[in-house]
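Here are my notes on the model you sent over. Have it open while you read, and go through the points in order.

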Amino acid sequence: MQNKYTTPIKPTFCPGCGNFGIMQAMKDAFAQLNLPSEKIVISYDVGCNANMADFINTYGFHGLHGRSVPPAVGVKLANHKLTCLALIGDGGFYGEGAQHFLSLMRGNHDITVLVHDNQRYSLTTGQMSPTTPKGTITVSTPEGAIEEPINPLAVSLVNHCTFAARGFAGDVVHLQDLIVKGIEHKGFSLIEILQPCVIWNKERSYEWYRERVYKLENEGYAADNRQEALTKAQQQDKLAIGVFYKEEKKAYHQEVSSLDNGPLVEQAINRIDIGKLLEEFK
Amino acid sequence: MKNTINIKIAGSAGEGIKSVGLMLSKSFLKASYFTFDYMEYPSLIRGGHNTYQANISLSPIWSQAKKIDILICLNKQGLKLHKDELKKDSLVIFDPETVLVEAEKPLEEKKPANNGLNLTIPLKKIATDAGGLPIMANLAGLGAVMFLTGMDIKYLFLVIEQNFSKKGQEMVEQNQKVAAFGFEFAERKYSEYKVDLQEASNKQEKILLTGNEAISLGAIAGGMKFYSAYPMTPATSILHYLASKAKEQGLVVKHAEDEISVINMALGASFAGVRVMTATSGGGFALMSEALGMAGIMELPIVIVEGMRSGPSSGMPTWHDQGDLNFVLYASQGEFPRMIISPGDVEENFYLTKQAFYFAEKYQLPVIILTDKYMAESLTTIKLPESVSENEKRSFSHEPVSPFERYKDSENGISLRTIPGQDKGVYLSNSYEHDLFGFATEEIEMRNLMVEKRLRKFETLKKEVCQIKQHVLGDPDAEIGIVSWGSNKGPIVEALKILEGKGTKASCLNLNVIWPFPEKQVVDYLSGKKFVIDIECNSTAQLAGLIRQHTGIEIKERLLKYDGRPFYPEEIVTKLAELN
C-alpha cells in the first residue's frame, strides 16, 4: 500500500525535518482510508512543506506562495467526488494568504488543510513568521520580533471552523488519525501541525515539544464545545494535541443548488441552448 | 422624414435614469428599430449627474451621437450641462415644478431658445393625476416621447408589462395609465412638435443587450461552468448576470474574497476539468498577475475578461479608457504564451467569448478578453444569435499511460492533459519549471525543452489566429486608412458612414485579436494606404507602438482621447477632415 502514494523522487528535506513525519502520516492516512491515488488532489503552497509535491503520488497542484487553499476549493467545486487537501505553512496561511484563512473557512468548503507550523519562513532562511513568539531574534528581526504571534486555533474557533485540530510531527500515528478524521469530516478541516525546524528554529526541538504536548483524547475531552476548545487553544504552558472542536454542518458544495445533480465536471457542455436566455433581451 | 432620432435622459443618480432609459429603448426595439444606448454616471450611489442616451435608427447603429433630438431633463443641471449638444430644433422636455430654471432670462415656453425648444410638461402632476406616485413621473415623460416621435403607445405598454408584471397586474396598469396621460398631454399641447420619424421596416428578430451581457451569454454558450469574481466596475454586471442564472444554467458562480483567490480558485477548477472564466478591471487584474503566469507554466485554460476604465490606480472608476493594452500584454513575470482578444462590438463580444473558450482549452493557456467601460455597459441592438452551440472538448488524454507524461513534448507544442479522478492519469500541475511528469526541475536540458515547447505552442496558435481574417471596415480600396482596436469600432463605423455621405472614402482595420499579433494582416493593410491614422482611447498610442515594434511601420498621425469619454463619430470626422 505504501508505494502507491510514493513517487520515484527522493525527498530533499533536511535530516530530522518534521516534514518526514507529516508525509508519512499523510500516506498512512490515505492507505487507512483506502483512497486510490487518482481520487486525491493535494494543493501545495510554496515552502519546504510544499516540496512534498514531488514525493507524493496523487493528483497535485503546486501553486503559489500563500495560495494553496483557493485552488483546493476550486477543485472541490468542480468535482466534489474528489478528496481535496491543501498543504500550507504558517507563513503562507497566516501571513501571505491570511485572507483565504479567514474567508474560505467560513464557507465550510469540504477540504482538509494541513498547516505545517514551524514558526519560521524556513525555505527563505529563517525569518520570523506570523506564529513566531514576540521577542524572538531571527534574521529579519535582529532585535527581536515586535509583533505578538497569531493564535491560529483560537482564530479558527471564533471563525466558524467546523473541524479544528492540532497534531505533532513527532507523533506520526496520532497525526495519521487526525488526518483520517479531517478527511472524513464533511467540511473545512484545519489541522495545525507543530513542526520542529531543526535548522532555523533550534529552540523548539522535538524534545521541547515532547515535554509540552498532551493528548486531549486521554482526558475524556468531548470536542463539542467552542468555549472549552478556546480555553485549550489559549493554554500557554502545555500544548494540547487532538481534535479541539468538531461540528456537523452542510459543506459549501452541498449548499450550491447547481451541484444537486452531480459534480460540475460531469455536466455536459457539448450542446448548449441559450434560447430561453435570449428571450429577455427581445 | 427622419431615419434616426437621438434621445437623452438626464437626471440625478438614484432617480432611476438607467431603468427608464432602457424602457425607452426597448419600446423602440419592440417597434423594430435599432438602438445604441450609452450611459454616463459618476462613481456614486446618490447625487451626481446621470445620463442615458438612446440613438435610435431604422438600420443597425453602432455608437452614440453628439447632437440630441430630444432631451428629457429631470434635474436642473441637465439644462446647463447639455446645452452644447442641442440643435435649434431639439426638443427639451422638463417639468417646471422640479426643474427650477435659474437661467439669466426666463425660458419662454414653446418659443425657440438659443438651443432647442422648451416643452414644459408637469410630469409629477401628470403622474399623480393618473393616480400614480410622483416617482412615476419618468413614465409620463416616456409617454410624451412616444407621442412626439409618432410611436404607438402600445410598444411602451408592452415594455411596462415586461418590467412590472412581477409586481402584479395593478402595478402594470398604474404605470401604463401614467404613460398614457403623458402621451395625451403631449398630444393636446405639443402636437405641432411631433417629429416625423420613418416607420421601421426591418422585422428581423433582434435583441438589445450590453457588452457584458453578450460576454456572459457567449461564456454560457461556450461551455463555461465555473465563474469566480470580485466586484469591480465595469466588469461587475457579468457577476450579477451569471449569478442570477447559475441555478437555471447549472453553473457555479463564486464571489470570492479577492481577485487573488478568484483566479487561484478558477485555476483549481480548470485543473479539475471544467471551463472557467473570471472578469475584472485593471486593478483586479493587477492582483491576478502572479497567477496569470501560473496558468502559463501549468498550461491551464482560463478566460479572463479585463474591462478597462480610466487609470492609473483608482483613476476615474466609472469612465472609459483603453490604457491597459500594454499591461495585459506584459503582465506577470517570465515569458509564457497568452492570447488577447479585443471585441469591437456586442456581436463580437458574444462570438469571440465563445471562441475564447475554444482557444483556451485547445492551447491550454490564458485568454484575455480586453474590453472597456464603453463596451461593457453600452447597449446595442443586434440580430438574434443562434441559440444552440456545439462544444467539443479539446486537448484531453482519453487513454493515459501511467506514469503520465503531462508535459510531453510535441510538434505543435500542445500536450494532452488528464483530469483528477482519471485513472492512470495522475500528474503534478506545477508552477515551478518541471519535467514531462510535472516534477520540479532546474536541469538545463529540461528547462530549455519546456520553454521551447511553450513557445512552439504559441507559434501554432499564431498560425491558426492569422487564418482568421480581420475585417476591414468601409471601402478597403480607399487611400485613407484608420487602425484601431476594440470598442472604437462603433464610432469609427458611424464616422465612415458620415464621411461616405460627404464623398470621402476611408477604411479601418479594427483589430479584434491583438495577441498573437497579426503582423501580416497589419502590413498588408497598411501597405496600400496613402494616409494612415491611429485612433485609440489612451494618451500614448499603445497599439501604434505595438505596430511599430512588430512591423517597423510608424504611424505618425494619431487621434487619441483620454478624458474618460468614448469617441463620438463627429470627432473622428472632424479630425479626418482636418487632415484631408
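1. In what order do the five strands of the open sheet in chain B run? The order is S17-S19-S18-S21-S22 (chain B), with mixed pairing. Strands here are DSSP runs of E with at least two residues, helices are runs of H or I with at least four, and both are numbered from the N terminus. Two strands count as paired if DSSP finds at least two bridges between them.

2. Before going on, some housekeeping. This is a predicted model, where local features need pLDDT of at least 70, side-chain atom pairs count only at pLDDT 80 or more, and totals for chains, interfaces and linings use all residues. Residues are numbered from 1 along each chain as its sequence is written, while chains are lettered from A and ligands numbered from 1 in the order in which they are written.

3. Back to the sheet: its edges are S17 (472–474) and S22 (557–560) of chain B, each pairing on one side only. From one strand to the next, the twist averages 25 degrees. S17(B) runs antiparallel to S19 (506–511) of chain B, and three bridges join them; Leu473(B) sits opposite Cys508(B) there.

4. Helix H18 (569–579) of chain B packs on this sheet, touching S18 (480–485), S19, S21 (531–536) and S22 of chain B. Contact means C-beta atoms, placed from the backbone, within 7 Å. H18(B) makes about 160 degrees with the direction of S22(B); such angles run from 0 to 180 degrees between N-to-C directions, with axes fitted to C-alpha atoms, for helices over the stretch in contact.

5. Which residues of H18(B) are buried? They are Pro569(B), Ile572(B), Val573(B) and Leu576(B). They lie on the same side of H18(B) because they cover an arc of only 100 degrees around the axis, judged by the directions from the helix axis to the C-beta atoms. Buried means 20 or more other C-beta atoms within 10 Å, exposed 12 or fewer, and partly exposed in between.

6. Gln364(B), not a glycine, has a positive phi near 50 degrees.

7. How far to trust it? Chain B averages a pLDDT of 95, on the predictor's per-residue confidence scale from 0 to 100. Over residues 102–106 of chain B, however, pLDDT is below 50. Where pLDDT is low, the predicted coordinates should not be read in detail.

Key:
Two residues are in contact if their C-beta atoms, placed from the backbone, lie within 7 Å.
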